[in-house]
Amino acid sequence: MNFKHLFIVFTVLVSGFSFSQKQLTVLDDSGLEPMPFVKIFPDTGKPFYTNVDGSAYISDSITSIKLSFTGFNDTTIVVGDSAQLIVQMKSTATTFNEVVVLPGVNPALRIIENAIENRKINHPLKNDAFTYESYSKFLFDVDTILQNKIKNTPYNPDDTVINKLRTQHIFLLESATERTFIPPSKDKETITAYKISGLNNPLFSSFAQTTQTFHFYDNQFELLQNKYLSPIAFGAPSKYFYLIKDTTINGTDTTFIISFRPRPETKVDCMKGVLYINTNKFALERIIAEPAKESGGMKIKIIQEYQFVDGKKWFPVNLKTIADLKGLQYSIGKENGYLVGKGTTYISNIKINPDNLKKTGFNNLNLTTDLNAGKKTDEDWATLRKDSLTDRDANTYHVLDSLSQANNFDKKLNTLIALMTGKIVAGPVAFPINRVIDYNLHEGYRLGLGLETSERLMQNIVVGGYFAWGTKDKDWKYGGYSLFHLNKRLGMSIGLKFQQDVINRGSNAFSSAGWDLTSPQLLTNFYQRYMDRQRLAEINYTISPLGNLSFNLLGNYQRIDFTHKYQYTDLTGVNYDKKIDVAEIALETKWNIRQRTFMLGTIKMPQPTKYPRFQFKIAKGISGIAQSKVDYWRLYIAMDEDFSGLRWGKFNLHLDASQSFGDVPMLFKQYNFGTRRDWGVVTSNVMETAYPGEFYHVRQATLIVRYTTPAIKSKKKWFAPEFTFHHGLAYGDFSNSAQHNVTFWTMEKGLFEGGLIISGIINYRIIKLGAGVFYRYGHYSDPNAVKNLVPKISITISNLQQLGGN
């Protein structure tokens, strides 16, 4: 035994003799669940509370205690000599009647109004920088009542399911992180360690972080895709009823325990629970909250504890989320139960506005997994855990890790990973999914295959190729490419490619930024009607200096082969009826303001942002290089923003504008994307009543606004309709149309359309199905009103890459 071990043993022994304590655990009598924040009145000393786990430590000087909690009978016990005390509190039959307004002012409102007024001061992500470390533990199990029935079931060696549930959880995950934050938006959190029962994939390493609500100070917050109004939001007193239940005096400060629940006339989704508000800055000290109404067979409870750190700020220290998934039934013989998810995060080593904290060192990623995070030893975990593993925890790891090795669970994750990355990995190679089959109006069904190297062969270099055949244009396409990652975390890379393929006339397509099942471009690509053949050789340099800002600088040489018998005559009278060469340089920029980006292993996951999202592209065609004879400038800018409110729903705003400068064929003019097709699929950011290839311009602008009402809740989980009102308008003009031998329209008099979409008529997991109808009006409408109607199908897919988090 070395000096370090001797020191640890000595410290433990001294601690045991000097600070002898008993551990108290308080459970409710119905579900035998731990009760957080039970008020404890000792016979000597000041009152204190149980923690988020329903536990507290009692010194040997205390001989008796009284336990008090709203909705439960007061319980008095004699402490005795036992090292561990487990106490069950009996609930009282409490019913909430309609609120009765009594004379005078509700004294709870003064406390709540002060808390609302101080929200920005106390908000952990406002005003102050901080650093901290955290340890999180998340598990899935059957509910406590079923667990207790299983414990009392006689042992039967043949009943493997009961025997496993008797000694282990269904799933267990642990993680540790380090976080640094500088307001308003510099945020960096690193997962330094993770351990997952049955798996060792960093994709799930952020599960605990993304399922916890970090604080309770925003006006509204989201739980499992449902949004709720906070009880300390602006305007909350008109939606909630508050009642002071108790007070605790701590020196010069007082803690008010205030229950809250929605008023009977409240229409928005609200919470119910208990607030513990300290008069020191009128900050949250503790909170227990859950939705006032269950949704979709799920019941979520949030438990949070704050401390006044360094005499500067109240800061979250213990976070707990309990999800009763009553919709996921679990049957064992004659006994029925349901799954329960429990996640706890313990925050430590908190430093508010630490010295020497620099704004440098923040890269383009907000949450990352350390490369060695999944390789921590038992000794490492012993220093990270708040408490040692229970026998049930240890059995979970042992059994599920053994099953994982026997059944190769990690490899079976490839299906999910393929949906997120768009690639099926098979050892040293990968198969891009989008190369197998696609569809558009020009090519028909595009059938092919792609193959590229995977990270198992080369970490920072990708070499690949593809081929494809169009069933309608009867033409082969092929290409090869290579990508050199200079710095993955900065998104810095150099790419080379050569391809013989097709390109949509007049579009401003950006270079591919990866696979996204929810991208609107997946649907709009179906409606590409006029495409020219393109032989392309290109080099590009990409960098994302910030997670929400990226640049792509490219240069290429193209040989364009016109299709559909298109001909173009330039202003000097030279006719191009087959081919034209083009040399081009371009800069593409995307800026999603305050967007958070996660990188779990090698998978990048951009998160949603409520701030504006900008795209900008400028391209310059250069004549005189080789056989290039086209000189032009092309500009494109677009802005998207989503505005959402719990009470009124969501607005989506899309604005784009583009212009071409120079004497160029139709390929380099501006195309207004149209997706009109009866019973086609509703698309985003395009005119729904414009036919594919109907409008072309030299310059154009489009504005599309959509308003979506809050979902109408029903008793049927699969039925939750949302109504979306759509309006679009577009303008454009064109000069020297006689240079082109094709027929098209321009929107000089304005194209206008309105529409109604009903989505969520059928909900199945991440998919919402519905229908919509759109109507064209104005100068370009048909005299027959019926012909202006365009019916469509609505399909909405939740983003697989959106993990949430705060």
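**Close-ups of a predicted model**

View 1. For the protein as a whole, pLDDT averages 87, and 91% of the residues score at least 70.

View 2. Have a look at the strand order here: 3-2-5-6, with antiparallel pairing. Strand 3 (48–49) and strand 6 (75–78) sit at the edges, each pairing on one side only. Further in, strand 2 (residues 39–42) runs antiparallel to strand 5 (residues 64–68), and four bridges link the two. To find your place in that pair, pick out Phe41, which stands opposite Lys66 in strand 5.

**View 3. The largest nonpolar core.** Nonpolar side chains tend to be buried together in soluble globular proteins. The core shown here has 37 residues, and Tyr242 and Ile277 are the ones touching the most other members. Helix 2 (residues 107–117) supplies the largest share, with six residues. Zoom in on Ile277 and, leaving aside residues up to four places away in sequence, you'll see it touching Ile111, Ile112 and Ala115, then Thr254, Thr255, Phe256 and Ile258, and also Phe282, Ala283 and Leu284. Another core, of 27 residues, lies apart from this one; Ile58, Ile62, Leu67 and Ile77 are among its members.

**View 4. A cis bond between two prolines.** Most peptide bonds are trans. The one joining Pro183 and Pro184 is cis, with omega at about 5°. As for where this happens, Pro184 is in the loop that runs between strand 9 (171–182) and strand 10 (186–196).

View 5. A negative phi is what most residues other than glycine have. You'll find Asn356 in the loop between strand 19 (335–352) and strand 20 (367–369). Is its position buried or exposed? Asn356 is exposed, at a relative accessible area of 76%. Asn685 has a positive phi too, near 65°, and belongs to the loop between strand 39 (680–681) and strand 40 (696–697). Asn685 counts as partly exposed because its relative accessibility is 31%, which falls between the cut-offs of 20% for buried and 50% for exposed.

Terms used. Residues are numbered from 1 along each chain as its sequence is written. This is a predicted model: local features need pLDDT of at least 70, side-chain atom pairs count only at pLDDT 80 or more; totals for chains, interfaces and linings use all residues. Side-chain values use heavy atoms; hydrogens and water are left out. Buried means under 20% relative accessible area, exposed over 50%, partly exposed in between (1.4 Å probe, protein chains only). pLDDT is the predictor's confidence in each residue, from 0 to 100. Two strands pair if DSSP finds at least two bridges between them. A nonpolar core is a set of buried Ala, Val, Leu, Ile, Met, Phe, Trp, Tyr and Cys residues joined through side-chain atoms within 4.5 Å. Contact means heavy atoms within 4.5 Å.
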